[in-house]
Amino acid sequence: MKVTILDDYFDTLRTLTCFAKLAPFDVAVFNDHVEDVDVLAERLKDTEALVLIRERTKIGAALLSRLPRLRLISQRSVYPHIDVEACSRLGVIISSSQHEGSPSYAAAELTWALVLATMRQVPQQAAALRAGTWQIGVGRSLRGKTIGIYGYGRIGGVVAGYGRAFGMNIRVWAREASRMRAQSDGYAVSASKEAFFEECDVLSLHMRLVEATRGIVTETDLARMKPTALLVNTSRAGLIERGALLRALEAGRPGMAALDVYEHEPLLDPGNPLLAMENVVCTPHIGYVTRDEYEIQFTDIFDQILAYAAGAPINVVNPEATAPR
């Protein structure tokens, strides 16, 4: 079976222990990022099993219709970048483990790194030192401040624990069931969404991007934040109303942002206004990008390929798809 892996930027997967699972197959790995459908169609023309690294490449109907040998797409987590209906119609099975019960500690750790880096002006202070300047400002401490967790799932719960360890007051806002779970874990729930945005010194987003959550953070919500507050988004840019964050930062509420996700990725435009703001710390969607996390994720992804090859697909998103065409 021909297996193709896209977007392995640093040729990391070959170095993972779990890569040995693909030994029975003919494997091709591409390290660049391509969006052109013609180029992708040529690359994937003989592919039977396609491995995706999260949402790096969009798999739409126009591309799928030109891949007659494709039988399986194996990936992990959500799949807004895949045309599920087209896959089902064309007989392409989508296997995607939802990693229930296993939070991405890598993403939670990056979230906390961004909180600390932004509040203490770490990137700016380090850049100033390299430029021959001593201290350039005064940062802010975390202890005693209020951190808000918007979306109390696996990662949100871990980040709340980090906040507690740093002596912060925790506030949660989420769906009712998640709010109840947060309360049972000993965390306070805000009285309303409006109060949540008003009272937090740090507010971190931890939700999946689905239709129900797209644009769930509005410009009005952001305008309620303190001028000293920090908004952190290591989840998905689409959770925030399009263009609202830039306008909010320009208006001074919130006063800071730390971002790992963007409306269009990869973000390769150095002229993007967010990158020019001194009160914004940006990283290039590296929340899950650690060797340890890759071993966890790609063990699942490669096991899905083995299961398909054995005739018993697992974690199937679209059971209506029929493998033979």
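Me: In which strand does Asn233 lie?
Reply: This is a predicted model in which local features need pLDDT of at least 70 and side-chain atom pairs count only at pLDDT 80 or more, while totals for chains, interfaces and linings use all residues. Residues are numbered from 1 along each chain as its sequence is written, and side-chain values use heavy atoms, with hydrogens and water left out. Strands are DSSP runs of E with at least two residues, helices are runs of H or I with at least four, and both are numbered from the N terminus. Asn233 lies in residues 230-233, which form strand β10.

Me: Is Asn233 buried or exposed?
Reply: Buried means under 20% relative accessible area, exposed over 50%, and partly exposed in between, with a 1.4 Å probe and protein chains only. The relative accessible area of Asn233 is 1%, and therefore Asn233 is buried.

Me: How far apart in space are Asn233 and Leu205, C-alpha to C-alpha?
Reply: Asn233 touches Leu205 (contact means heavy atoms within 4.5 Å), among other residues including Leu239 and Val261. Asn233 and Leu205 are 28 residues apart in sequence, and their C-alpha to C-alpha separation is 5.3 Å.

Me: How many of the 15 residues of α4 are buried?
Reply: Helix α4 covers residues 105-119, and its end C-alpha atoms are 21 Å apart, in agreement with the span of 21 Å from 1.5 Å a residue, where the expected span is 1.5 Å times one less than the number of residues. Among the buried residues of α4 are Leu110, Trp112 and Met119. The helix is largely enclosed by the rest of the structure, because the number of its residues that are buried is 11.

Note on methods. Lists of a residue's contacts leave out its neighbours within four places in sequence.
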